[in-house]
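Please read the numbered points alongside the sequence and the model.

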Amino acid sequence: MTSKEVKNRGAKSLKEVQTVTEGLKMLYRQKLLPLEKYYSFSDFHSPSLEDADFDNKPMILVVGQYSTGKTTFIRYLLEQDFPGGRTGPEPTTDCFTAIMHGDIQGVIPGNALVVDPNKPFRKLNPFGNTFLNRFRCVHFPSQVLESISIIDTPGILSSSEKRISRGYDFPAVLRWFAEHVDRIILLCDAHKLELSDEFSRTITALRGNEDKLRVVLNKADMVDSQQLMRVYGALMWSLGKVFHTPEVPRVYIGSFWSAPLRKTDNRRLFQQEEEDLFTDIQNLPRNSALRKLNDLVKRARLVRAHAHIISSLKEEMPLIFRRDNKKRDLIYDLPVIFYRIQQQHQISPGDFPDCAKMQERLMNHDFTKFKALKPKLMVNLDELLTTDIAKLMPLLRQEELEAADQPGVQGGVFLGMDRGPFFERNPFYYTGPCGECDEMENVRRGESWVVSKDKPKYDEIFYNLSPHEGKLSGTKVKDWMVRTRLPSSVLGRIWKLSDVDCDGMLDDEEFALASHLIEVKLEGFGLPPKLPSHLVPPSKRRRKASNIENEDCENA
């Protein structure tokens, strides 16, 4: 079979793919992986990709110094605890934890995790037992985790602890995760802003993935407006120094936990910043295929630069004599070689690896075993970058149009965000269809209402707010609820649960229910995703049962 026939057969196969992910897997196996193997790409950069790397759900990497609220941030997203999730002022998270969806709750240790072909962690095996003993996966039922997975990380050490060895290459592990996740959340503490040496090395490890990075200035309610302005300026200045660029990623300001705000001066700002960040996270499943395509193109450009570097070093090596001296000279002159390759082959400097790291890795390799440039492989790579990826773009646009109608991440703190942040009937901007009660049978049981014992106390507050025709408007209720200092996202959930008839107002029973839920939250308990039957106000129980019955008839 001629090369032209082979090419045509490959083009036909690309037209037959049904999804962007399927096309990317095919292109990688046929045109990029052979080049990576031929030039030992994985010895210098990241390991080769597997099907699980293309098929896995979007992942979020949560990074930050200890006591910046990483684990609390994850709890806030999920609105539930997860196995092993401890919080405290001391370094409580001592391992990398992959938080994933599962039908039952369980924990998978690191050594078992890296041999599971259905998980995208098999290539973490080279980091050794010390790391794998500090790596685990926890899985449990969660609506949020049906759409995304989350990676919790150990806290970055402060300057006073910088000499403590972890026993494994922490920045290298972070770099591996940064290359494979869809979003990186870097948490900083507004009350304790300290950028240590390990923090700087961590930022360096994330370099090249700035498009995935979102910086969060957490615990901002612990300082007043003037202090917050100074802390924000200091953080931007420090990040600019670490990134070595005047442009830094966007910084989101807020307090991402469900406790009452200590200082409410910037409540409105915190609410807007939280909405922006959560909308960005909620859209990750819709943008997953685009992220995978972008990462594959980025990898292909690095492979192309790597192939030219290896082949150039091969050409410069003598056949017999003075090999060691020549190797040392070539490593020293690597910046010159980089520049020459850029000029000869018109390759952007941004496609090249870090020169200092490349020099360090070359020290341990035998240059005589390097391979010369193989034109056929390079032609396939150029074809991938110039034509094959372009052929996938119509399919990508089709998937994006289909995904636009999907709600994105649901459950947890994202409940009620599917219809946008400015829905007029919910004064806290959290909307969506009212959730049904547990089951019609539970509604019909006639269980006693647990709020009844405190209703006289709540009624006094209700009538002091001057209801109109027996109901309070959303504006009046909101003005009263914000005095609790709970975050707006939490109050929005409480409003959604309490407005049982979805009329945008609260009667005396619904107001008593909202007051009860506020007290429950202030005591540190979580909110239910749907209103349990024993919390449904008595006057609404018959209506709820009727609504559920009608919906069952319509769905039958």
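1. In which loop does Lys-471 lie? Lys-471 is found in the loop between helix 18 (455-464) and strand 9 (472-473). The model under discussion is a predicted one. Within it, Lys-471 is partly exposed, since its relative accessible area is 22% and residues count as buried under 20%.

2. The surroundings of Lys-471 deserve attention. Leaving aside residues up to four places away in sequence, Lys-471 touches Phe-462, Asp-501, Asp-503, Met-505, Leu-506 and Asp-507. With Leu-506 the separation in sequence is 35 residues, while the C-alpha to C-alpha distance is 5.4 Å.

3. Eight strands make up an open sheet with mixed pairing, in the order 3-4-2-5-1-6-7-8. Strand 3 (106-109) and strand 8 (251-253) are at the edges; each has a single partner strand, so one side of each is left without a neighbour in the sheet. On average, and with direction ignored, neighbouring strands of this sheet are turned by 25° against each other.

4. Which way do the residues of strand 5 (residues 149-152) point? In general, side chains in a regular strand alternate between the two faces of the sheet. In strand 5, Ser-149 and Ile-151 point one way, Ile-150 and Asp-152 point the other way, and all are buried.

5. The pairing of strand 5 can be described strand by strand. Strand 1 and strand 5 run parallel and are joined by four bridges, with Ile-60 opposite Ile-150. Strand 2 pairs with strand 5 in the antiparallel sense over three bridges, and here Ile-99 stands opposite Ile-150. Strand 2 (residues 96-101) is also joined to strand 4 (residues 135-140) by six bridges, and these two run parallel. Met-100 has His-139 in strand 4 as its bridge partner.

6. Helix 9 (residues 197-206) lies across strand 1 (59-64), strand 6 (183-189) and strand 7 (213-218), and its direction is at about 160° to strand 6. Helix 11 lies across strand 1, strand 6, strand 7 and strand 8, at about 130° to strand 8.

7. How do helix 5 (residues 70-78) and helix 11 (residues 267-282) cross? Their axes come within 13 Å and cross at roughly 75°, which means that helix 5 is roughly perpendicular to helix 11. Phe-73, Tyr-76 and Leu-77 of helix 5 meet Glu-274, Leu-277, Phe-278 and Ile-281 of helix 11. By class, this contact has six nonpolar residues, no polar residues and one charged residue.

8. The largest nonpolar core has 54 residues, among which Phe-278, Ile-281 and Ile-494 touch the most other members. Helix 21 (residues 508-522) gives the largest share of this core, six residues. Phe-278 and Ile-281 are also among the residues of helix 11 that meet helix 5.

9. Is helix 20 (residues 488-498) mostly covered or mostly open? Helix 20 is mostly covered, with 11 of its 11 residues buried. Ile-494 is one of these buried residues, and others include Arg-493, Trp-495 and Lys-496. The elements covering them include helix 5, helix 11, helix 19 (474-481), strand 10 (505-506) and helix 21.

Key: Residues numbered from 1 in each chain as written. Predicted model: local features only at pLDDT ≥ 70, side-chain atom pairs only at ≥ 80, totals over all residues. Heavy atoms only, no water. Axes fitted to C-alpha atoms, helices over the stretch in contact; angles between N-to-C directions. Parallel < 35°, antiparallel > 145°, perpendicular 65-115°, else oblique. Contact = heavy atoms within 4.5 Å. Nonpolar A, V, L, I, M, F, W, Y, C, P; charged D, E, K, R; others polar. Core = buried A, V, L, I, M, F, W, Y, C linked by side-chain atoms within 4.5 Å. Buried < 20%, exposed > 50% of the residue type's maximum accessible area, 1.4 Å probe, protein only. Pairing = 2+ DSSP bridges.
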